[in-house]
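Q: Please take a close look at a single part of this model, and describe the surroundings of that part in a connected account.

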Amino acid sequence: MLNFLIFTASTAFSQEPESSSSWGMSGFDTQETRIMVGLTGEFWSDPSIIEVYKASEVFVDLSLRYRFHQHFSVGAQIGLIDLSGNNNKSNLQIIPTVLHANVLFGNDRVEPFIGLGLSMVHFLETAPSTTISGTKVGMDFRSGFRIKTNLVQQQQHPSVQMGPKQMDIEVHVGQRFHQIFGVGAGEGFNLSALRLGVGLNTRF
């Protein structure tokens with residue numbers, strides 16, 4: 001009996017320490033590249049855009065992200081908006097670009113997230129009497145969630161690592177801020193916008 005108690009105690013004290021929290025070093029075991037194709041709607045408040053063109057537009061955008069930790073990712077997003085006004089005499093092109101960092105929650109099936117990033121929007125307006133172009137720099141805030149689908153079945157063989165491993169439906173809402181407190185107003189439009197998006201996110 002004494003030998004059994006000694007063996008039990010030594011086994012208990014010789015156990016390896018528990019792994020660190022997923023927010024710590026163990027979280028870096030998660031490494032993913034993500035590509036998303038989506039539809040985004042922008043809603044502007046600048047009277048010049050609303051009066052000559054329209055108050056909102058839906059367009060296709062592309063996102064590339066890298067998840068370097070279970071709870072963190074970085075990425076870039078770009079799209080193209082083309083508007084016509086004044087009976088097609090005026091044209092406005094907007095190219096919204098975002099470089100963002102995200103905090104991820106949840107699990108593989110449902111992944112809520114929040115993100116903050118640097119927004120750079122290039123615009124080019126061509127009118128009969130003038131041409132105006134420039135780039136607006138601001139901030140972009142977003143939040144949303146991703147839901148796993150069964151459109152991609154992950155490979156079960158451990159030696160097979162190529163190809164997509166999961167596909168999600170993403171829904172997010174965000175706000176782009178330009179001319180905050182009058183800083184960086186410059187010339188041209190105020191391109192602050194409410195942004196609503198949905199897309200198909202593929203994980204590799």
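A: Strands here are DSSP runs of type E, at least two residues long, and are numbered from the N terminus. In this predicted model, L80 lies in the loop between two such strands, β3 (72-79) and β4 (81-85). This loop and the strands around it are the part examined here.

The protein chain contains two helices and nine strands, and from the N terminus on its elements follow the order α-β-α-β-β-β-β-β-β-β-β. Of its 204 residues, 35% are buried. When contacts between residues at least 6 apart in sequence are considered, 62% join residues at least 24 apart.

L80 itself has partners elsewhere in the sequence. The C-alpha atoms of L80 and I95 are 4.7 Å apart, although 15 residues separate L80 and I95 in sequence. Setting aside residues up to four places away in sequence, L80 touches I94, I95 and P96, and also F59 and V60.

One of the pairs sets S73 against its bridge partner N102 in β5. β4 and β5 form a hairpin with four residues between them. In the turn of that hairpin, N86 has a positive phi of about 55°.

The pairing continues from β5 to β6, a strand covering residues 110-126. These two strands are antiparallel and are joined by 14 bridges. N102, the bridge partner of S73, stands opposite G115 in β6. β5 and β6 also form a hairpin, with five residues between them, and G106 in its turn has a positive phi of about 75°. As a general point, in a regular strand the side chains alternate between the two faces of the sheet.

For comparison, one may look at a site in another strand. R203 is in β9 (residues 193-203). R203 counts as buried because its relative accessibility is 1%, and the cut-off for buried is under 20%. The side chain of R203 makes a polar contact of 2.7 Å with the side chain of D168. Beyond its neighbours within four places in sequence, R203 is in contact with several residues, including E32, R67, D108, E111 and D168.

Key: Residues numbered from 1 in each chain as written. Predicted model: local features only at pLDDT ≥ 70, side-chain atom pairs only at ≥ 80, totals over all residues. Heavy atoms only, no water. Buried < 20%, exposed > 50% of the residue type's maximum accessible area, 1.4 Å probe, protein only. Polar contact = N/O pair within 3.5 Å; in protein donor to acceptor, adjacent residues only side chain to side chain. Contact = heavy atoms within 4.5 Å. Pairing = 2+ DSSP bridges.
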